[in-house]
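Subject: Structure handover and findings

Hello,

The structure is below, with the sequence. My notes follow it; please read them alongside the model.

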Amino acid sequence: MNEAISVVQAANVDSSAVAAKKKLSSQFFKKGITIGLLSGLTYGMFSAFLTLGMSKGVWADWYGDNTAGLSAFAIVFIVGALGSAVNDICSAVWALINVGIKGKLGDFFRTINTTPGRMIMLAALLGGPIANVSYVVGIQLAGSMAIPITALCPAIGAILGRVLYKQELNKRMMLGIVICVSASVMIGSVGIGADAADSVVLGLIIAFVAALGWGFEGVIAGYGSAMVDSEVGITIRQVTSGLANLFILLPILGIFGGSIMQPFSLAGQAFASSSAMIWFLVSGFFAFISFMWWYKGNSMTGAALGMATNGTYSFFGPLSCWLLLGVIFGMEGWELSMIEWAAATMMAIGIFVIAVNPMDLFKKKEDSANEAA
């Protein structure tokens, strides 16, 4: 009799432990989704503050009537790349401060010389000097219309994963890709209208280059970031991107622009422009936070759902630019038409469909309800 009672009690304890574990896992999963969404929101805020910084101080002269004798090439590409470089340097400083405070600075230096560390550095070269610069230039030329175009990167990453690694590309993912492409066509139809400036068309094309760069970065970084502490990995990424922009890409652009020293002269003026650097420090902080939360969200929900939640910056980006630049600072040109808002929302939905099966989330919700009952 006593043995039977013991067996029943043990069974009750086991079932309670299993229920508690499932509840904890569910809470962990939901927290990961929240962090992923916050990464998308902060990426939108980073975009808005970066653009604000590039409208103040010496940047206002470069983009205004007083161009200081800069050529059209220098204004579009060298100054645009410099904006990305200054932001990434500020972001790297925030990342280094974070790992320093948490006692991970030694891990940062040790990880650089490992295979995963080198993979992250390679990914950073694609995502920084190529994608980040294209992102900044695209925004300067096409405004917030460029942001949803850059958000094609998850669709491009899914296609590249299929081509390079034979990863799954099922009907649901193909549907998501079609939704994303349709949204980009909607945005493009607004941008290439008869009354659109030539710079808008060029900006949308350059924004697509950013999507390509981030698509390749995501495919390559997936290997390295899986074996590295997320905060250390982000620090490697931001430091590599900032230094590569400043000391590799800018001199190359300077050669094409006719003077290898011109970018360094402009960089000195940019870092000395205090009224602009205040906003670059803010944009760099949000860039660091966004990447940190993106990696953390991925670790809590899986890369697929993490990609989907972070990809909501296709909506949060235009929203943040409109609120900060248009509403608060009264800058013209940041209003979005209904078709652009619809396309940005459509892009976020398409990214979500690519990354995760919506039915799986409903199933998780039903399981949670059953556990509560």
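Which residues make the nonpolar surface patch of about 930 Å²? Leu243, Phe247, Ile248, Ile252, Ile255, Phe256, Ile260, Met261 and Phe264 make it. Patches here are built from residues with over 30% relative accessible area and no salt bridge, with like charges joined within 9 Å and nonpolar side chains (Val, Leu, Ile, Met, Phe, Trp, Tyr) within 5 Å. Helix 10 supplies the largest share of this patch, six residues. Isoleucine 252 belongs to helix 10 and is partly exposed, at a relative accessible area of 39%. Buried means under 20% relative accessible area, exposed over 50%, and partly exposed in between (1.4 Å probe, protein chains only).

Conventions. This is a predicted model, in which local features need pLDDT of at least 70 and side-chain atom pairs count only at pLDDT 80 or more, while totals for chains, interfaces and linings use all residues. Residues are numbered from 1 along each chain as its sequence is written, and side-chain values use heavy atoms, with hydrogens and water left out.

Overall. The protein chain has 16 helices and zero strands; these are DSSP runs numbered from the N terminus, helices being H or I with at least four residues and strands E with at least two. Of its 373 residues, 49% count as buried. The protein chain exposes about 17300 Å², of which carbon and sulfur atoms supply 69% (Shrake-Rupley method, 1.4 Å probe; for residues, only the protein chains shown count as cover). Among contacts with a separation of 6 or more, 85% are between residues 24 or more positions apart, where contact means heavy atoms within 4.5 Å.

Salt bridges. The whole structure has four of them, counted when a side-chain nitrogen of Lys or Arg lies within 4 Å of a carboxyl oxygen of Asp or Glu. Side chains of opposite charge can pair when their charged atoms come close. Lys102, Lys104, Asp229 and Glu231 are linked in a network of such bridges. Within the network:

- Glutamate 231 pairs with lysine 102, with the closest N and O atoms 2.7 Å apart. The two are 129 residues apart, glutamate 231 in helix 10 (residues 230–257) and lysine 102 in the loop between helix 3 (72–101) and helix 4 (105–112). Glutamate 231 is buried at 11% relative accessible area, whereas lysine 102 is partly exposed at 46%.
- Lysine 104 pairs with aspartate 229, with the closest N and O atoms 3.3 Å apart. Here 125 residues separate the partners, and aspartate 229 sits in the loop between helix 9 (198–225) and helix 10. Aspartate 229 is partly exposed, with a relative accessible area of 37%.
- Glutamate 231 also pairs with lysine 104, at 2.8 Å from N to O. These two are 127 residues apart, and both are buried.

Nonpolar cores. A nonpolar core is a set of buried Ala, Val, Leu, Ile, Met, Phe, Trp, Tyr and Cys residues joined through side-chain atoms within 4.5 Å. The largest has 78 residues, and Trp59, Trp62, Leu82, Tyr135 and Phe280 have the most contacts inside it. Helix 3 gives the most to this core, with eleven residues. Leaving aside neighbours within four places in sequence, tryptophan 59 touches residues including Val79, Leu82, Val86, Ala270 and Phe280.

Threonine 150 is in helix 6 (residues 146–150) and is buried, with a relative accessible area of 0%. Its side chain reaches the backbone oxygen of isoleucine 147 at 2.6 Å. Beyond four places in sequence, threonine 150 is in contact with Tyr135, Ala207, Ala210, Ala211, Trp214 and Tyr313. Alanine 211 lies in helix 9 and is also buried, at 0% relative accessibility. The C-alpha atoms of alanine 211 and threonine 150 are 4.4 Å apart, although the residues are 61 apart in sequence.

Helix 14. This helix covers residues 313–328, and its buried residues include Tyr313, Phe316, Pro318, Cys321 and Leu325. Glycine 330 follows helix 14 and has a positive phi, near 65°.

Regards

How values were computed
Polar contact = N/O pair within 3.5 Å; in protein donor to acceptor, adjacent residues only side chain to side chain.
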